[in-house]
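Have the viewer open and follow along.

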Amino acid sequence: MKKIGRLDKPDNFGSAKMFSNPLLEKISRTNILVPITMFFVISSVSFYYAVTTTEIDLGVGIPIALIGLFVFTFVEYMMHKHFFHMAPDTPIKDKLQYTVHGVHHDYPKDKDRLAMPPFVSAAYAAIFYLIFRLIMGDYALYFLPGFLIGYAGYLGVHFIVHAYNPPKNFFKILWVNHAIHHYKDPDVSFGVSSPLWDFLLGTLPKKD
């Protein structure tokens with residue numbers, strides 16, 4: 001199995017100490033409900049301003065929000081494949097890759113590190129909003145809620161597949177695919193909340 005972290009095999013019971021400074025170590029962890037709640041609050045505020053401060057009709061705004069949700073699934077896939085799994089071929093990239101994602105492959109069941117810390121998540125939301133605003137103007141106020149609800153959904157799915165046993169229904173495929181990604185082949189199953197882009201771009205796990 002290709003190594004993404006630094007351990008020879010994943011440790012399902014341990015937790016990495018990322019920083020010697022106790023404050024930095026503490027804020028590097030988060031309860032999963034913190035960023036999820038934050039994204040729903042930001043989405044609600046953005047949607048409120050979209051409705052009350054723009055002349056964009058809901059008949060247009062709602063589909064734009066749904067497009068934002070769909071776009072998130074693609075961004076999730078591309079970020080996971082090309083940023084989280086970038087080749088750590090320099091010391092800086094090695095440190096960045098391990099801090100952002102490699103540590104999660106070493107300790108996949110560490111519940112406090114299944115999402116970015118709140119200040120990082122907030123920075124992501126702000127950066128994405130500025131990009132969307134630059135590209136689409138007022139429509140960004142509708143697009144952002146869909147995108148962030150997609151992000152919140154991804155965080156929820158990611159937490160559940162690591163923290164709970166798989167259900168006996170069609171959602172089981174998310175558990176199976178992510179387990180293959182962590183414990184068998186990290187070069188497949190980059191989509192966590194949906195297998196859509198793995199299917200379209202040829203990175204679904206190969207059937208034995």
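This is a predicted model: local features need pLDDT of at least 70, side-chain atom pairs count only at pLDDT 80 or more; totals for chains, interfaces and linings use all residues.

**Spaces and helices**

The lining of the largest cavity is made up of three nonpolar, three polar and no charged residues.

Residues are numbered from 1 along each chain as its sequence is written, and side-chain values use heavy atoms, with hydrogens and water left out.

Back to that cavity. Rolling a probe the size of a water molecule over the atoms shows where empty space is left. On a 1 Å grid over the protein atoms alone, a cavity is a set of points where a 1.4 Å probe fits but cannot get out, a pocket is an open set with protein on both sides within 12 Å along at least five of seven lines, and lining residues have an atom within 4 Å of a point. Grid points are joined across faces, edges and corners, and a volume is the space filled by probe spheres set on the points. The count is one cavity of 30 Å³ or more. The largest cavity holds about 30 Å³, and its lining is Leu-174, Asn-177, His-178, Gly-191, Val-192 and Pro-195.

Now for the largest pocket, with a volume of about 680 Å³. It has 34 lining residues, and Thr-99, Val-100, Ala-115, Met-116 and Pro-117 are the closest to its centre. Elements that give two or more residues to this lining are α1 (22-27), α3 (58-84), α4 (91-106), α5 (118-136) and α6 (140-163); helices here are DSSP runs (H or I, at least four residues), numbered from the N terminus. The most comes from α4, with seven residues. By class, the pocket lining has 24 nonpolar, seven polar and three charged residues.

How do α5 and α6 pack? Their axes are 9 Å apart, at an angle of about 145° (axes are lines fitted to C-alpha atoms over the stretch in contact, and angles run from 0 to 180 degrees between N-to-C directions).

Conventions
Ala, Val, Leu, Ile, Met, Phe, Trp, Tyr, Cys and Pro count as nonpolar, Asp, Glu, Lys and Arg as charged, and the others, Gly among them, as polar.
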